[in-house]
Amino acid sequence: MRQPDVYAVASKDIVFESFDGDAVVLDLSTGKYFGFSDSGSGVWQALSSGVSAAALAETGAIASAELATFIARLLEFGLLAPADTAPNPLPGDLISQLAAAREPLSVDVHDDLADLIVVDPIHEVDEPLGWPAVKQAN
Amino acid sequence: MPRVTLETLPDYARYLIGAAESAAAAFPVTRKSRLPRLDITTHLSPGTLADALCHGFVEARDDEAATVGCRIFVAHPGIADMPMPAQWGDAHYTEHGFATRLAEAGLRGHFYHDLDFWQVYDPQRRVGVQLMTTADAFPPWEPAAPLRPFLHWEYAARGMRLTHAGTLGLEGKGILLAGSGGAGKSGTVAAGLLNGLDSVGDDYVLVDLERGVSARPLFSTLKQDPQGFARLGLKQRLTGHGPLNWQGKYTFHIADIAPRQVPARLDIIALMVPHISGGKASSIAPASRRDAMLALAPSGIMQMPGERESGFRLFGDLTRLLPCYRLSLGSDPEEIAGTVSNFLARGIS
């Protein structure tokens, strides 16, 4: 039974690093970067490690509606996906980090260098066999 | 015309490497280049790329660490039985999917659609092939940074990294200047060189994190847009300059303006994010590591084929190892150089 408010990193192509508590996330498949505010970094760190949204809301550091909107953005960006696992407890240091946060929940997308998907004009090919086109023995 | 798909990609890469090795004796030119911890033997035809290999690198010297050798074949039909380059046969092409498929097979590679231009590399055997339709059918950026993807793959396999950053140094200590095009990296590097500072490059340098952060030179080419070229006085100084390059910039060599021989390495003491302030005076102020990482990593990862996660991790480690600053650039090149020089002098003392 899926826990309705537990999430996990959406795929192995989503990688992240933390700098003095600030998270930077890269989607390897698209080349898009995501920079988080201090409160956003705390929420990302919690959700990506399996802490439930309900546990975050219970801290009182973040309004529920604001948290729901933020999670919806993370889902829309393909950074998080719903998980079927039981929630992990919220670490004490994250509670402190969220309480001390000064910036509103936000995530910025940096996609000016992201990949373009190149569509090959394959329609011009009569036999899109690829290479090498192995001949079948008669 | 054969077509390559993700499924057949590793076989095609191995086929190209085998074909080039079989044709080794037929390549008319062999160039040997000595780079940090790497000796490259390149087999190719005469022409622009062969010339670029003669003067496009800063040759390594006094390298203390073990050096390995690699072989690169710059090939095209007409050299023995080298085939015409294949075209891409899948409906979609993504750089990441292409690189991942090859990496799963222990290979590296890149494909530039517009020219059917292939670059494949076997990091285990240290053999690579660049296959073009003709001897001069290469992208316009190749001569300024020859063999760049091969260097990227070889160094990444050894935990080092071609890094998209400028550098300035003083007495062996230096700073990395990170930011995307137009941030002011090249102008700052040229201003520093013209006013007595050292540099190991203004665009791509070799970084490793062994015993702290260090940067080494690879490519000798510097570039400036016409406005910067004039502002820095290079139009008068480099009277024999060539035409504008494909980016509309003048290119020249670091030795043309460096005050002394290019250092073999700089020990990096800070990561700086330059920006053109519009004010008269330059200044240096602390920056968050998050912002520095976002200035450093994207272009360094996206302008290189493959090795995205290893690059992200290495740039993350680099950013955590260094103090990070925002460098607001004034309008006077000498004043900019003085600001950086004073910073470096304080770091050395």
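Trainee: Which residues of H4(B) are buried?

Mentor: This is a predicted model, in which local features need pLDDT of at least 70 and side-chain atom pairs count only at pLDDT 80 or more, whereas totals for chains, interfaces and linings use all residues. Residues are numbered from 1 along each chain as its sequence is written, chains are lettered from A and ligands numbered from 1 in the order in which they are written, and side-chain values use heavy atoms, with hydrogens and water left out. H4(B) is mostly covered, with nine of its 10 residues buried (under 20% relative accessible area; exposed is over 50% and partly exposed in between, with a 1.4 Å probe and protein chains only). The buried residues are B:Arg148, B:Pro149, B:Phe150, B:Leu151, B:His152, B:Trp153, B:Glu154, B:Tyr155 and B:Ala156.

Trainee: How many residues of strand S10 of chain B are buried?

Mentor: Helices (H or I, at least four residues) and strands (E, at least two) are DSSP runs numbered from the N terminus, and S10(B) spans residues 161–170. Both of its faces are covered, with B:Arg161 and B:Thr163 among the buried residues on one side and B:Leu162 and B:His164 among those on the other. S10(B) is largely enclosed by the rest of the structure, because the buried count is 10 of the 10 residues.

Trainee: Which residue takes a positive phi in the hairpin of S10(B) and S11(B)?

Mentor: S10(B) and strand S11 (residues 173–178) of chain B run antiparallel and are joined by six bridges; two strands pair if DSSP finds at least two bridges between them. One bridge sets B:Gly166 against B:Leu177 in S11(B). Two residues lie between the strands of the hairpin, and the one with a positive phi, near 50°, is B:Glu171.

Trainee: In S12(B), what is the bridge partner of B:Leu162?

Mentor: Strand S12 (residues 204–208) of chain B is antiparallel to S10(B), with four bridges between the two. Within S12(B), B:Leu162 is bridged to B:Leu206.

Trainee: To which strand does the direction of helix H1 of chain B make about 85°?

Mentor: The open sheet has six strands in the order S2-S3-S4-S9-S8-S7 (chain B), with mixed pairing. Its edge strands, each pairing on one side only, are S2 and S7 (108–112) of chain B. Neighbouring strands are turned by 15° on average, direction ignored (axes are lines fitted to C-alpha atoms, for helices over the stretch in contact, and angles run from 0 to 180 degrees between N-to-C directions). H1(B) (residues 9–22) packs on this sheet, touching S4, S9 (127–131) and S8 (117–122) of chain B, and the strand at about 85° is S8(B).

Trainee: What makes H9(B) roughly antiparallel to H10(B), and what is their angle?

Mentor: Helix H9 (residues 289–302) and helix H10 (residues 308–321) of chain B have axes 9 Å apart and pack at an angle of about 150°. That makes them roughly antiparallel, because angles over 145 degrees count so, while under 35 is roughly parallel, 65 to 115 roughly perpendicular and the rest oblique. The value asked for is about 150°.

Trainee: Which residues are in contact with B:Thr133, leaving aside its neighbours within four places in sequence?

Mentor: B:Thr133 sits in the loop between S9 and H4 (148–157) of chain B. Its relative accessibility is 23%, so it counts as partly exposed. B:Pro85 is 48 residues away in sequence, but 6.0 Å away in space, C-alpha to C-alpha. The residues in contact (heavy atoms within 4.5 Å) are B:His76, B:Pro77, B:Met84, B:Pro85, B:Leu115 and B:Asp116.

Trainee: What percentage of the residues in chain A are buried?

Mentor: Chain A has four helices and seven strands, following the pattern β-β-β-β-α-α-α-β-α-β-β along the sequence. Of its contacts with a separation of 6 or more, 73% come from residues 24 or more positions apart. Of the 138 residues in chain A, the buried share is 39%.
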